[in-house]
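Thanks for coming. I have one structure to go through today, so please look at it while I talk.

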Amino acid sequence: MTPVKELTYNQAISELESILRTMQSDDCDIDRLATLTRRATELIAECRSRLVATDEELRTILATLEK
Amino acid sequence: MQNRTLSLLELTRMVTALVQRPETQNVWVTAELSDVAVRGGHCYMELLQKDDRGLQIAKARGVIWASSFPRIDAEFFAATGQRFSTGLKVMLRVSASFHSVYGFSLVVSAVNPDYTMGDLMRRRREILQRLKQEGILEMNRQLQWPAVPQRIAVISAPGAAGYGDFINQLYHNPSHLRFSTKLYPAVMQGATAPASIIAALEAVATDMDMWDGVVIIRGGGATSDLQAYEDYELAANVAQFPLPVAIGIGHERDITVLDWVANKRLKTPTAVAEWLVALGDDALGFLMTVGNRILQLTTSRLTGNKEQLAHAEGLLPIAARNAVERAQSRLRNAATTLSGISGRRLQPQLTRLDMTLKAIADAASNRISRQRSLLDSRQTLLEALSPVATLKRGYSITRVDGHAVTSADSIRTGSIIETTLADGKVISTATAVETSSGNR
């Protein structure tokens, strides 16, 4: 599997959707469940981190803008 | 002929009387606006007429007195979405006036917005038609924004209220969405605006890879001068721009050509920022939904499996017993079946075996008895042939020197004769020998 950092946002979202579909289907066995859940969690965290700035980043940006 | 010299006032009063006649009062006139300015509540403007080549062939000062300007302005804006501004074609009801100090002017008492609208529409239609014919009208509108546009090139006037509103709205979003922006400054008002905005677009295009899209914004306000945006060159540049363009130029109505060509049209800079923030919030919402859904699925799947496991656990002892019983019964069945099978299959074999054994035994005993009887008859024969039997019948064996004597010739007088009888021997000495053929 490609490390989440190397995915584009869109790739990450498509993979999330595909995981969701797999998990919703009946033939998802319990052995894969843990793997899929872990991967999905990583993907969500990565996507969030791309969308949302940390407080520190935000301060830096605002400081630059006020100059 | 009068040689009397007139005072200036007398003359201007004469002119006034000549000018302000019934036929010059309250007449409808069409003209193009220029140099519109509001001072002390009065609206001053130049009214122009141009020929086909754009040369001025008539010009007059116009004024709307403060007593009627708010009403006329509101009526005009309500109908056209425009303020009186340079370049607009207008139909006005005017009265010609000549003032001894201020000279000639046309005092406006009413406006017909339909004429302006018609003219604007016609001009916009012409521009749109041309863009369409060139096949570029829809180009920018067909571009896709990324799911979450975060890198935004901003074309605006630095220090303008609209730009400040936009930045403020964008960076102080409650979700702390990450945005990066850069201002590409441009003149946003007046006749130079189109060329200035086009230059800014070109600057954005040179570092296109840095941006997800472009926003063109300027603050709204009472003195919107949107005529500048009814411009073919600007519209063509926006239409063909390789990044999606969002417009927020602060107007209430769908009134400029830019709105037709830009990928996204919003009313104000603040609205553009809100739109971008909403896209980010939607994406965050989606992530949260997916997260919850996955949690739910995992939990329900695990619960389901646990239940299944518990159920299986409960079933296990019974199942084991049942299994053993089933196995036993199967075994019994198998044994029965097997014996049935072996009965059918083995019996003939066994019978045959038995018969064979019997045959072998019979053959053996036959053979033995035959041998025995053979032996018996031999013994009888043997016994019959044995000298003992002869001896018993009264015969005897005569030996001389251990040799059986069969002829009297082999005996001499004085020979020691050994006579064997059936039950013993007699040793005697021959005293005479007689043969059948005579004495010797």
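First, the ground rules. This is a predicted model, in which local features need pLDDT of at least 70 and side-chain atom pairs count only at pLDDT 80 or more, while totals for chains, interfaces and linings use all residues. Residues are numbered from 1 along each chain as its sequence is written, and chains are lettered from A and ligands numbered from 1 in the order in which they are written.

How many residues of chain A are in contact with chain B? There are 22, and they meet 20 residues of chain B; a contact is two C-beta atoms, placed from the backbone, within 7 Å. Helix H1 (9–24), helix H2 (30–51) and helix H3 (55–66) of chain A each supply at least two residues to that side. H2(A) gives the most, with 8 residues. By class, the side of chain A that touches chain B has 17 nonpolar, 3 polar and 2 charged residues. For those classes, Ala, Val, Leu, Ile, Met, Phe, Trp, Tyr, Cys and Pro count as nonpolar, Asp, Glu, Lys and Arg as charged, and the others, Gly among them, as polar.

Now chain B. Strands S1-S2-S3-S5-S4, in that order, form a closed barrel of 5 strands with mixed pairing; two strands pair if DSSP finds at least two bridges between them. S2 (residues 42–50) and S3 (residues 56–64) of chain B are antiparallel over 8 bridges, and Cys43(B) stands opposite Ile64(B) in S3(B).

Two helices go with these strands. Helix H2 (residues 69–80) of chain B lies across S2, S3 and strand S5 (103–111), at about 55° to S5(B). Helix H3 (residues 113–133) of chain B packs on the sheet, touching strand S1 (27–39), strand S4 (89–99) and S5. The axes of H2(B) and H3(B) come within 9 Å and cross at roughly 35°; axes are lines fitted to C-alpha atoms, for helices over the stretch in contact, with angles from 0 to 180 degrees between N-to-C directions. Among the residues making this contact are Phe76(B) of H2(B) and Leu120(B) of H3(B).

Next, the interior of chain B. Helix H6 (residues 232–239) of chain B is mostly covered, with 6 of its 8 residues buried. Those buried residues pack against H3, helix H5 (193–206), strand S9 (245–248) and helix H7 (257–261) of chain B.

Which residues touch the most other members of the largest nonpolar core? In that core of 64 residues they are Ile155(B), Val214(B), Ala235(B) and Val261(B). A nonpolar core is a set of buried Ala, Val, Leu, Ile, Met, Phe, Trp, Tyr and Cys residues joined through C-beta atoms within 7 Å. Helix H8 (residues 269–385) of chain B gives the most to this core, with 7 residues. Apart from it lies another core, of 17 residues, including Ile64(B) and Val108(B).

Methods
Helix = DSSP H or I, 4+ residues; strand = E, 2+ residues; numbered from the N terminus. Buried ≥ 20, exposed ≤ 12 C-beta atoms within 10 Å, placed from the backbone.
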